[in-house]
Amino acid sequence: MVHNLIITGVGGQGTVLASHVVAAAAVESGFLVAVGETFGASQRGGSVTSHVRISRYRRYGPLIPRHRATIIVGFEPLETLRALLNYGNPLTRVIMNLHPNYPLGVLSGADTYPETQALMEAVRRISAGVLAFNATEIAHHMGSPVAANMVMTGALAGSELLPMAVPAYEKVIGELFSGPARQLNLKAFRAGVLVARGDLPAVWGNQVVKDGGK
Amino acid sequence: MSASGVRLDDPGRSVLLTGNEAVARGALEAGIAYASSYPGSPSAEVLEVLAALAEERGFYAEWSVNEKVALEGAAAASLAGLRSICIMKADGLNVALDTLTALSASGTKGGLVVVVADDPGAHSSVKEEDSRYLGKVAHLVILEPADPQEARDMTVAAFGLAEQLRAPVMLRCVTRVCHASGNVVLGTLPPKPAGRPHIGCQERYITHVAYHRIQEERLAQAREIGEGWPFNAYQGPPEPEILVITAGPGYLYAREAVEVLGLEGRVGILKLGMSWPLPEKFLLRHLKSASKVLFVEEVEPFHEENVGYLVACHLEEVFPLALYGKKSGHVAGPKGPGLGEIDVDTVIRALAALAGIPYEAQPGDYGREARELVKKIPRRELGFCAGCPHRASFWALKTAIALDGREVVVLGDIGCYTLGAGRSGHYLMQTVHAMGSGVGMASGLGKLERLGFSQPVVALVGDSTFYHAAVPALINARYNQSRFLLVVLDNGTTAMTGHQPHPGSGVTALGKRVPALSMEEVAGAFGIPVTVHDPYDVKGAVEALYRLLRQDGVRVLVLRRAYALLTARQEKKPRVYVDPKRCLGDACGCHRFCSRVFGCPANTWDAALGRAKIDETVCTGCGVCATLCPQGAIVVEEVTRNGA
């Protein structure tokens, strides 16, 4: 049994850091881990995708084969659908941030960005279920929109789709950061956990869509 | 990600490391005394980690001016009897190759390991060179790790091998090793480097054709070592129908492909940890027992050709045997055989075809329902980061060229600004080759006047490239009295690879403050006039460019502004926003200049309001767009110390 997790987003969104937190939590919990990612496009607006593979006994390569992702965590709606079409299957579970990040072609008017609702519905139709919410907005409430990656990581941890317990992630985050950054990231992570558990306070004005899919 | 896992003195513990960190860890465990590199993706993090640990582990580390000098420094440490490591990307090996082929002939003393990182698929490169061919040219032993654990293990082993053979050993990594992470079981950290560096008065390290024989003998010795080497291994049935010969991450892909297809009883996997020289006896033993061979490797058919030759030499022993791989078209990624990265699916397709079994990852109509809802998924182009000074520089250059009115030739270079060949740089850049080669080309074009060439020539380089490779071309241009404008896009750091320092930064890899080598003083010493301007002052930069385009001889313009994201992190940034009353939207006639033409990712469009908008989560507060907006609708609000 191997958990095939894809974390996808846009350069600068912190997907690489999120995949590191998940992978380190898995190693700390005694699992074998392989992470594949491409740094080249980081911070330059391109799609950035990390493959995280977690297994108990056998080492795997750093790339998930097509259509064999078990979980997709999308930091951006368009990238979530793109990853799902390439790596998903009807049993794939999806956690997605509804905050869009527009490609250069869209900013320039050459392309049109699809409706967020349509993207979410498309994801829902071809997966085993989606947890969708605006993680960027939640992170903004927590102190900085940049911490959206930790909100998403928290949602993944809280969803219990992976075999690591929430404190294992918190330990890694606590060791990675210091000072105010540690507080911010832990707060954002815990907000994500609450979202996944359905305990998000309504005052944040965030619409959370949780759908079992078909 | 950090040096913390690499530094742990906890033998036997399994920690999460990237391949680059694992190489650094292996070097620490081997007791290196000297590490050098020029930053290149995907290997830049090896020296970053080593430099962070150099002080506490008592060794020396440096960012060198280029790969050739880096290798010469590491070689010197080796000749003095110390263990040394030199790290570069594939393109860097081209720069260092002259020295490397000579070192292989002269021989070395302390273990010298040359780490070369190839980038199949060119994720962050301009080409996907297979450096194994150059390792072979240099008569070197080439090791290929499959994952971070092996990257650590093989690095440790490489030092011993280099000392046994008294020659450099090449560790060839690919992006999917360098930037992959995985469990690495730590070994023992030795005490700080022991032994006093010394070169005896009787020692000689001379390159001479007579030593070619020694190189060949050394390869024969390495071949014998390879026969029993644990990194060359076979797993599978004793008489497999299909023998997969593989190296690097291809090994893990092949193993998974066999598992996915359930071919464990029919397929055996022979993994080459030493890709050159080949362990011929070991290979022949397994070639004799198979009827089909499939080669799984990146990028070029290196094993396919070399093992193919071995098969040809032993045809009677191995017959009947059919070879499959890139040449037969069986191992082909989406771009075709021998092009781009391979992955598990590449191997699944090849094995399924050879084994005659069907495979479909998902029924062909998977995703149909999603595609009906979302007809088109826009692609993501790469562009300059928000606030990047290069965006302002390219806009200034475009404007100056338009004002000049002549057909200006723009020669490019390798770095972030290579994106200037695309939309971000208004497609201005007309050539992209190697570090500094635009300057050499400009020097050549500048001499074509007598043949009727009259176009003005602009060469673009970055600040790190200026020191790496532009200086000799500039000397050449001055000496031969060429004519062109060299524009240095100076953001004060090697931004492309993660902002490492360079000779102009005033700080070394070890964090030591040193006098910055000023590029205006360097060019000035050659008698070349230098102008320095801030690209954020776009109007002034356009004027400087326009004026310099019309001058004769070799001249240099430095467009200097510190890397945007670095400064944004350090300072409280000004708030930039669009005044919706002043922005005229599509009625303006600017054709949405800020979001569509200038193209900063922070300049977006509010479709509901029909007005321009700033994404404040992305904006670095540079304010350049505010100076370019024809309506003056973009407001820059300086943040006071007590402000939000």
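User: How many residue pairs are in polar contact across the interface of domain 1 of chain B and domain 2 of chain B?

Analyst: This is a predicted model. The count takes pairs with both residues at pLDDT 80 or more. For the interface of domain 1 and domain 2 of chain B, the rule finds 20 residue pairs.

User: Which element gives the largest share of the side of domain 1 of chain B that touches domain 2 of chain B?

Analyst: Elements giving two or more residues to that side include α6 (132-137), α7 (148-165) and α9 (212-227) of chain B. The largest share is 5 residues. It comes from α9(B).

User: By class, how many charged residues does that side of domain 1 of chain B have?

Analyst: The side of domain 1 of chain B that touches domain 2 of chain B has 14 nonpolar residues and 3 polar ones. Its charged residues number 11.

User: What is the area buried between domain 1 of chain B and domain 2 of chain B?

Analyst: The C-alpha centres of these domains of chain B lie 26 Å apart. In contact are 28 residues of domain 1 and 31 residues of domain 2. Carbon and sulfur atoms give 55% of the buried area. That area is about 2,400 Å².

User: Which three residues supply more than any other three of the area that domain 1 of chain B buries against domain 2 of chain B?

Analyst: Their part is 24% of the area that domain 1 of chain B buries there. The three are R132(B), Y133(B) and R223(B).

User: What is the N to O distance in the salt bridge of K271(B) and E150(B)?

Analyst: Domain 1 of chain B covers 4-192 + 209-226, and domain 2 covers 232-355. Across their interface the rule finds 5 salt bridges. The side chains of K271(B) and E150(B) meet in a salt bridge with an N to O distance of 2.8 Å.

User: Now the two chains. What is the area buried between chain B and chain A?

Analyst: Here 62 residues of chain B are in contact with 66 residues of chain A. Carbon and sulfur atoms give 58% of the buried area. The area between the chains is about 5,600 Å².

User: Which residue of chain B forms a salt bridge with D111(A)?

Analyst: The rule finds 7 salt bridges across the interface of chain B and chain A. In the bridge of D111(A), the closest N and O atoms are 2.4 Å apart. The partner is K376(B).

User: Which element gives the largest share of the side of chain B that touches chain A?

Analyst: The count between the chains is 16 residue pairs in polar contact, both at pLDDT 80 or more. Elements giving two or more residues to this side of chain B include β1 (14-18), α10 (250-261) and α14 (344-355). The largest share, 6 residues, comes from α10(B).

User: Which residue in β8(B) stands opposite A34(A)?

Analyst: Strand β2 of chain A spans residues 32-37. It pairs with β8(B) in the antiparallel sense, over 2 bridges. Opposite A34(A) stands G182(B).

User: Which residue has its backbone nitrogen 2.8 Å from a polar atom of the side chain of Q430(B)?

Analyst: Q430(B) lies in the loop between β17 (409-411) and α17 (437-445) of chain B. Not counting residues up to four places away in sequence, Q430(B) touches V408(B), V409(B) and V410(B). The backbone nitrogen at 2.8 Å belongs to V410(B).

Notes. Residues numbered from 1 in each chain as written. Chains lettered and ligands numbered in written order. Predicted model: local features only at pLDDT ≥ 70, side-chain atom pairs only at ≥ 80, totals over all residues. Heavy atoms only, no water. Domains from an automatic or database assignment. Contact = heavy atoms within 4.5 Å. Buried area = accessible area lost by both parts, 1.4 Å probe. Salt bridge = Lys/Arg side-chain N within 4 Å of Asp/Glu carboxyl O. Polar contact = N/O pair within 3.5 Å; in protein donor to acceptor, adjacent residues only side chain to side chain. Helix = DSSP H or I, 4+ residues; strand = E, 2+ residues; numbered from the N terminus. Nonpolar A, V, L, I, M, F, W, Y, C, P; charged D, E, K, R; others polar. Pairing = 2+ DSSP bridges.
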